[in-house]
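Try each task before you read its solution.

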Amino acid sequence: AVFAARSRLADVRRRFLGHDLPPLGTLIVRHQVAVPDGAEWPWARVSSWPHATLLNGRSLNDGAHPSVAHIRMGRPLRIRSADIVDIVDWAIIDARGEIAEGAWTRRLRAPADTTR
């Protein structure tokens, strides 16, 4: 899942910068944040991506571990990453609020609906 997301990251950045998302579409990224004895993977809504290794956005989650108490839903974030190794997933959300593309790590936790 992480490999799939990262292998398409440069392309989705190009599309974001070129305003080539679906009408009223939003790009979100899932990034890794180190915590003592592990990591958390919050989502953030991308507002700008001025450099391949720096993006700005707003948190879509609260940090659970006390060491990341500063990560709160709606607060601005600057995600810096050498070679974007901290980004583990991304998704394009359409105007209806549904995932149009991406979100591979989400599928690991929620098996596909076989009734469709």
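**Exercise 1.** Decide whether S59 is buried or exposed.

*Solution.* Start with the relative accessible area of S59, which is 2% in this predicted model. Buried means under 20%. Therefore S59 counts as buried.

**Exercise 2.** Find where S59 lies, and list what S59 is in contact with beyond four places in sequence.

*Solution.* Next, leave aside neighbours within four places in sequence. S59 then contacts W43, A44, I71, R72, M73, G74, R75 and L77. Last, look at the side chain of S59: it reaches the backbone oxygen of N61 at 2.5 Å.

**Exercise 3.** Identify which residues touch the most other members of the largest nonpolar core.

*Solution.* This core has 22 residues. Those touching the most other members are L27, V29, V46, W49, L55 and W90. Now find the elements that give two or more residues to this core: α1 (2-7), α2 (9-17), β1 (26-31), β2 (33-35), β4 (43-51), β6 (76-80) and β7 (87-93). Another core, of five residues, lies apart from it; I28, W43, I93 and A103 are among them. In soluble globular proteins, nonpolar side chains tend to be buried together.

**Exercise 4.** List the contacts of L55, leaving aside neighbours within four places in sequence.

*Solution.* L55 contacts V29, V46, S48, W49, P50, L77, R78, I79 and I87. Then pick out core residues: V29, V46 and W49 are named with L55 among those touching the most other members.

**Exercise 5.** Find where pLDDT stays under 50.

*Solution.* Begin with the chain: its mean pLDDT is 86, and 87% of its residues reach 70 or more. Then turn to residues 110-116. Here pLDDT stays under 50, and the model has zero contacts beyond four places in sequence for these residues.

Notes: Residues numbered from 1 in each chain as written. Predicted model: local features only at pLDDT ≥ 70, side-chain atom pairs only at ≥ 80, totals over all residues. Heavy atoms only, no water. pLDDT = per-residue confidence, 0-100. Contact = heavy atoms within 4.5 Å. Core = buried A, V, L, I, M, F, W, Y, C linked by side-chain atoms within 4.5 Å. Buried < 20%, exposed > 50% of the residue type's maximum accessible area, 1.4 Å probe, protein only. Helix = DSSP H or I, 4+ residues; strand = E, 2+ residues; numbered from the N terminus. Polar contact = N/O pair within 3.5 Å; in protein donor to acceptor, adjacent residues only side chain to side chain.
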